[in-house]
Amino acid sequence: IWERWNEVNNKLIAEGKKPLLEPVDDHLVFSPRFGIAFPITERAKFYFNYGHFRSLPPLSELFMYDFRYDDKKGGLYQLGNPNLEPTKTVQYELGVDYNLLDQYLIHIAGYYKDVTGEVRVLTYTPTTTGIPTYRFRTNDRYRTIQGLELQITKSVGEYLTGWLNLQYTYASGGNTGRNAVFEDPSSNNAPSAFAYANPSRPDPVPEIKANINLRSPSKWGYYLGDWNLSILPHWRLGQIFRYNPRNVEGVNNEFRWPNFWMVNLRLSK
């Protein structure tokens with residue numbers, strides 16, 4: 001797929017112009033983290049964590065190349081950005097762990113996440129007639145997440161082990177950059193070219209996950225003993241979205257996606 005771009009690059013170099021192909025940027029990042037914990041009682045501890053976390057963008061966003069040859073959409077359609085920076089997350093977490101009856105671990109925590117530099121799509125529109133627009137990737141999406149978490153873990157037991165996790169998150173997000181770039185200077189300076197996405201409405205979303213393991217002891221015999229049933233249910237409330245396809249002013253139709261519900265099972269002996 002690079003034959004065409006190598007030809008264009010060599011032609012530009014031969015003409016004494018700026019090359020089309022450039023070296024990919026290097027990103028040197030640091031992820032400092034700090035944690036402290038101390039006992040409150042013989043069965044409980046208090047802890048606080050603070051950290052900066054970095055994550056690489058998906059490879060598809062870095063190296064995507066979608067070229068279409070049909071008459072209506074001939075030419076470049078999707079283009080990745082190999083110079084995308086790693087997404088940054090700053091997280092604070094405060095919690096308490098409690099040992100109940102030497103069988104159950106009760107975990108209660110609150111956390112806050114500030115996510116910056118997430119990847120989103122930016123549209124480029126050329127001036128030349130017949131050349132279609134194409135979509136590029138940038139690092140200007142952000143999110144803020146606040147949440148509470150309760151988890152009960154039972155790691156010992158002859159018949160039943162596992163954990164139950166309940167989360168309540170409160171998230172919002174938006175873009176810090178423009179939505180479109182035009183080759184035509186007059187269009188590029190138009191107010192529509194700076195249609196920044198409004199921050200999404202903070203929407204509390206409860207979520208429940210679990211990992212339940214049921215075992216039959218060996219003393220039940222060859223046929224009934226040593227069975228293991230693992231159940232992983234997962235439920236999450238559907239998120240709110242707005243539907244206004246014609247961009248009618250004053251219309252703020254809000255709907256909610258269906259709830260997410262999935263159960264995985266595994267039976268083994």
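Q: What is the relative accessible area of Tyr 50?

A: Tyr 50 has a relative accessible area of 26%, so Tyr 50 is partly exposed. The scale: buried is under 20%, exposed is over 50%, and partly exposed lies in between (1.4 Å probe, protein chains only). Tyr 92 is also partly exposed, at 35%.

Q: What are these values based on?

A: The model is predicted: local features need pLDDT of at least 70, side-chain atom pairs count only at pLDDT 80 or more, and totals for chains, interfaces and linings use all residues. Residues are numbered from 1 along each chain as its sequence is written, and side-chain values use heavy atoms, without hydrogens and water.

Q: How is a pair of aromatic rings described?

A: By the distance of the centres and the angle of the planes. Rings of Phe, Tyr and Trp (its six-membered ring) pair if their centres lie within 6.5 Å; under 30 degrees between planes is stacked, over 60 is edge-to-face, the rest is tilted. There are seven aromatic pairs here. One of them joins Tyr 50 and Tyr 92: tilted, 4.9 Å centre to centre, 45 degrees between the planes.

Q: Where in the chain do Tyr 50 and Tyr 92 lie?

A: Strands (E, at least two residues) are DSSP runs, numbered from the N terminus. Tyr 50 is in strand β2 (residues 44-55) and Tyr 92 in strand β5 (residues 87-100), 42 residues apart. Tyr 50, Tyr 92 and Tyr 112 form one aromatic cluster.

Q: Why is the pair of Tyr 222 and Tyr 223 edge-to-face?

A: Because the planes stand at 85 degrees, with centres 5.2 Å apart. Tyr 222 is exposed at 65%; Tyr 223 is exposed at 68%.

Q: Which charged end sits over the ring of Tyr 222?

A: A charge sits over a ring if NZ of Lys or CZ of Arg is within 6 Å of the ring centre and within 35 degrees of the ring normal. For Tyr 222 it is Lys 269, 5.3 Å from the centre.

Terms used
Helices (H or I, at least four residues) and strands (E, at least two) are DSSP runs, numbered from the N terminus.
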